[in-house]
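Morning, everyone. Please bring up the sequence and the model, and we will go from the annotation to the sheet and then to the interface.

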2 protein chains.
Amino acid sequence: MPQRPPLTPLVESLPETVPFVGPETQERLRGRPFRARLGANENGFGPSPGVVEAMRAAAPEMWKYGDPESHDLRQALAARLGVASSNIVVGEGIDGLLGLVVRQYAGPGTPVVTSLGAYPTFNYHVAGFGARLVTVPYEGDRESLEGLAEAARRERARLVYLSNPDNPMGTWWSGEEIARFIDALPETTMLVLDEAYCETAPAGALPPLEPERPNVLRMRTFSKVYGLAGLRCGYCIGPAEAIRAFDKVRNHFGMTRMTQAAALAALEDEAHLRKVVELVDACRRRLAAIAERHGLAALPSATNFVTIDCGRDGAFALRVLKALDARDVFVRKPMAPRLDRCIRVSVGPQDEVDVFESALAPALEEAGAA
Amino acid sequence: MPQRPPLTPLVESLPETVPFVGPETQERLRGRPFRARLGANENGFGPSPGVVEAMRAAAPEMWKYGDPESHDLRQALAARLGVASSNIVVGEGIDGLLGLVVRQYAGPGTPVVTSLGAYPTFNYHVAGFGARLVTVPYEGDRESLEGLAEAARRERARLVYLSNPDNPMGTWWSGEEIARFIDALPETTMLVLDEAYCETAPAGALPPLEPERPNVLRMRTFSKVYGLAGLRCGYCIGPAEAIRAFDKVRNHFGMTRMTQAAALAALEDEAHLRKVVELVDACRRRLAAIAERHGLAALPSATNFVTIDCGRDGAFALRVLKALDARDVFVRKPMAPRLDRCIRVSVGPQDEVDVFESALAPALEEAGAA
């Protein structure tokens, strides 16, 4: 029997699972499209008309590689945030940046702390570099700041991951509480603070920007309120020394030229940002009202989705999810113990939320009858 | 003094160098734009009008994440190539795929073979995962098939990299010679066969597609004749088992939705592909004629660039490059011993080649006088 080139022992040991099954994959398996795409925390209100125009104008230029430094975009972000461009690195979505961070700080056996039920893609990268994941249960429906800090100290963790506002629960801590959490971490633990949903958070939910803080990397994205998930643009704000280290490992020409053009145009359209934030807020309230009319409790949300407590156990919530799927509604749900009693519904245009609303009562009935 | 979170010893040891300085970076340093962008082996003839239209049509949909399986594009590629879609993985340019391949097969100290002066980005990834790079000198102006195979056997290499047609020299081996080379490799050595320039190669320069060959991964791209370098779309053809392994480590949602739409449209426009191949060939002949009129020898080219032997040593060729830069002409050059006597000029639209042509005589004069 012929031999094959062997994978490294680490890669050989990894499962072929994926962090998320995409809605297109589900549609292919289902054999028909969803009528409501409310599961991936995308922004169905879309990018601004000006951004669409910028993409159209940039299209003929796609024969050129993108600027590997994303210089103009980083300059614009720096000006907006009041930090230096040396405090910013741009990458292929927060997902891509998370992979680079894990690679830089963690190797086989390195302790890494996260919450049980937090972002699976972070865990995917931790496994991918052979690091040792230590999980901390949520405290109620929020990530446990005390528990995470305690675990980071106990384990001498190299990395600790926290999303604020939180995915998948939509909850948040105040900026003051996050600042105290940062102070409670060992100096040698790098905090990966995922702020993908920062734009839809209430005032006071974010700690001040202190980019030269040596052990904090803050992740943000154009995938949510800016409506550009399909273009893969995340950025990381951190100390210049740590930001420079990304240059040792990143795919330098990985950012598309289109993405840079679109993100730059999106940053310039503050009116659209404000409009989307209002639309998100209105839709969150509508989703909460729909939940309540059906006897369910919507968790308070600082994000572009609403997590709905289905009031029973994980098996019931999973049946609700499947019954919604049968009615062509794409939503997702947390899978960790206790959090799994919920489903997670992204905001979206009125007609898609209408589909969800009309599907919910029969879905609940079917789930209860099963 | 406060401590910082430490990088892994491997990442700490890596230099902050980058494989290529982008032309935009050079323009910022120069303080003015190039008049001829002929250094990055891009395709200045651009994507087809139909592809531009497909990008424009897709723009409003960019709020959706791209399909993480790139299903439609992989299906179309499979149909075009006569292989199964399970033999294809799509990634963020060949650059991104090379990083994933190195990560899968090589770790600290793993022997990896390439040619001295071949693609720097491959070497960047080899260093990035701590593997041990073994280099083989070119044989004349072609990569040495015998030398590479011998080194792979001697070193028990896990990976061997070969570009055919070759970058940076533009030369090529016949498909039969490549097939014999494959047969000469150990079964446990994975060949990374970079065919970025396959579409502009003469008939017979490619070995037959045998996707289930266990130790060959063939890399191709939409960055060259398809004119979509700015959208980052490479693909790898290989045995289904090896292709599945990419799913263990890749950034599943890394491909932009725009890229998938544009690449799919590009595949469908065969007339444009044929037209570009003709334009490339005509421009190669023009560049060769320009070289000859200036007393220089153009190497035969199977790529979208022409490597020009400046007839003296590397220092002279570097002076030519700098003198061209001073005249707003962006070209690049090989840096390895002996290859470094050349400059490398990408094909491009007539007006940009005009700029190169008019700059060459004074540049040569300045370089000779220095």
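Start with the record. UniProt, in an unreviewed entry, places the feature "domain: Aminotransferase class I/classII large" at residues 38-356 of chain A. UniProt positions are in the numbering used here, feature names are shortened, and annotations may be inferred rather than shown by experiment.

Ground rules next. This is a predicted model, where local features need pLDDT of at least 70, side-chain atom pairs count only at pLDDT 80 or more, and totals for chains, interfaces and linings use all residues. Residues are numbered from 1 along each chain as its sequence is written, chains are lettered from A and ligands numbered from 1 in the order in which they are written, and side-chain values use heavy atoms, with hydrogens and water left out.

Back to residues 38-356 of chain A. The span is 39% helix and 15% strand, and its end C-alpha atoms lie 9 Å apart. Helices (H or I, at least four residues) and strands (E, at least two) are DSSP runs, numbered from the N terminus.

Now the sheet. In chain A, 7 strands form an open sheet with mixed pairing, in the order E2-E8-E7-E6-E5-E3-E4. Two strands pair if DSSP finds at least two bridges between them. Which strands sit at the edges? Strand E2 (88-91) and strand E4 (132-136) of chain A, each pairing on one side only. The twist averages 20 degrees from one strand to the next. Axes are lines fitted to C-alpha atoms, for helices over the stretch in contact, and angles run from 0 to 180 degrees between N-to-C directions.

One strand pair in detail. Strands E5 (residues 159-163) and E6 (residues 190-194) of chain A run parallel, joined by 5 bridges. A:Ser163 has A:Asp194 as its bridge partner in E6(A).

Helix H4 (residues 71-81) of chain A packs on this sheet, touching E2, strand E7 (216-221) and strand E8 (234-237). Its direction makes about 130 degrees with that of E2(A).

On to the interface. Contact (heavy atoms within 4.5 Å) links 84 residues of chain A with 84 residues of chain B. The two chains bury about 7500 Å² between them, 58% of it on carbon and sulfur atoms. Buried area is the accessible area (1.4 Å probe) that two parts lose on being put together, summed over both. In chain A, A:Trp63, A:Tyr65 and A:Lys248 lose the most area to chain B.

Last, charges. There are 10 salt bridges across the interface of chain A and chain B, each a side-chain nitrogen of Lys or Arg within 4 Å of a carboxyl oxygen of Asp or Glu. A:Arg28 and B:Glu69 meet in a salt bridge at 3.2 Å, N to O.
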